Amino acid sequence: MQNNSIGNLKTMRLRTLSCLLLLAVSLDAAASDLYAVVNRLRAGEGVCAVAKKLPPLTPRDALERVARDLSEGGKLERSLREVGYQTARSSAFSIKGDAAGAQAAGILARQSSCRELQQAAMTEVGIYQDARQVWIVMAAPFASSVTVPGHASGQRVLELINQARATPRYCGEKEFNAVRPVRWNDSLAEASRLHAEDMARYNYFSHSGRDGSDPGQRVERAGYRYRSLGENIAAGQMNPEDAMAGWIKSPPHCANLMNPTFTEMGVAFAIDPRSEMGVYWTQAFGTPR
């Protein structure tokens, strides 16, 4: 009887181990299938209608590690830093509940995940799942440089600003008439460059400098004497068009763009891959004395 009991116990252990191995294999296969499901939904198949078919997301091991970390209670930004993934944009969402892992493909296909999956800026993805949860992490890796070089980007922003000022618009609830164009000013551009470089190097995002300076003090240091002044900042945008689009969507930044008292402008960006956002923009408006 003792030998039979030991034999039965060994058989039970082997069966349990086999079941666990089969479960792990099935979950790995399901995770692989989920990449295909995500890209089908992203392309507009099934429940997700799209105006424009988006390119598929590329699976990345680093993002899979981030997804696993999130399943254990980690934080997205910290996990990305720990795996060394420098991102321009990122987002994550989860499916949780009994048998969520096994049913993830069906749940994704019928729940309202379309908005998350169809973020056009995202290019890479990582998925982690176990029996009770699935985490999907999407990101766009940080590019090494802005798509337009320094001086050319400044002139492009100036062009876009004057196009915006030529058209009446609402900035939030405030209405602005079309206004005269602004002209380039080297001192305002220099003040903008120094603040953008400081934000990038020391990884912060604020109108207040690390030394406590405000926009007015910074432009005066650059030799600009003003009657009126305004400053816009942005971070993460890889081209002048995206920076401008963000400013126009923000009521206070938009109001600076449309302010009829401003006659001059300077703008600059700075890059530091070690910083959180990678690229930082500063734009200074002024009216000289």
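## Chat about aromatic pairs and cores

Q: Is Trp 281 buried or exposed?
A: Trp 281 is buried, as its relative accessible area is 0%. Buried means under 20% relative accessible area, exposed over 50%, and partly exposed in between (1.4 Å probe, protein chains only).

Q: Where do these numbers come from?
A: This is a predicted model, where local features need pLDDT of at least 70, side-chain atom pairs count only at pLDDT 80 or more, and totals for chains, interfaces and linings use all residues. Residues are numbered from 1 along each chain as its sequence is written, and side-chain values use heavy atoms, leaving out hydrogens and water.

Q: OK, how many aromatic pairs are there?
A: The whole structure has two aromatic pairs. Rings of Phe, Tyr and Trp (its six-membered ring) pair if their centres lie within 6.5 Å; planes under 30 degrees apart are stacked, over 60 edge-to-face, and the rest tilted.

Q: Why is the pair of Phe 262 and Phe 285 called stacked?
A: Their ring planes are at 15°, with centres 5.6 Å apart, so the pair counts as stacked. Phe 262 is buried at 3% relative accessibility, and Phe 285 is buried at 0%.

Q: And what about Phe 269 and Trp 281?
A: That aromatic pair is tilted, with 5.1 Å centre to centre and 45° between the planes. Phe 269 sits in strand 9 and Trp 281 in strand 10, 12 residues apart. Helices (H or I, at least four residues) and strands (E, at least two) are DSSP runs, numbered from the N terminus.

Q: New topic: how many residues are in the largest nonpolar core?
A: It has 21 residues, and Val 38, Leu 108 and Ile 136 are among those with the most contacts inside it. A nonpolar core is a set of buried Ala, Val, Leu, Ile, Met, Phe, Trp, Tyr and Cys residues joined through side-chain atoms within 4.5 Å.

Q: Which helix gives the most to this core?
A: Helix 1 does, with five residues.

Q: Which residues are in the second core?
A: That separate core of 20 residues includes Val 182, Ala 243, Phe 262 and Met 265.

Q: Last one: where is Arg 165?
A: Arg 165 is in helix 6, residues 150–165. Its contacts, leaving aside neighbours within four places in sequence, include Val 182 and Phe 262.

Key. Contact means heavy atoms within 4.5 Å.
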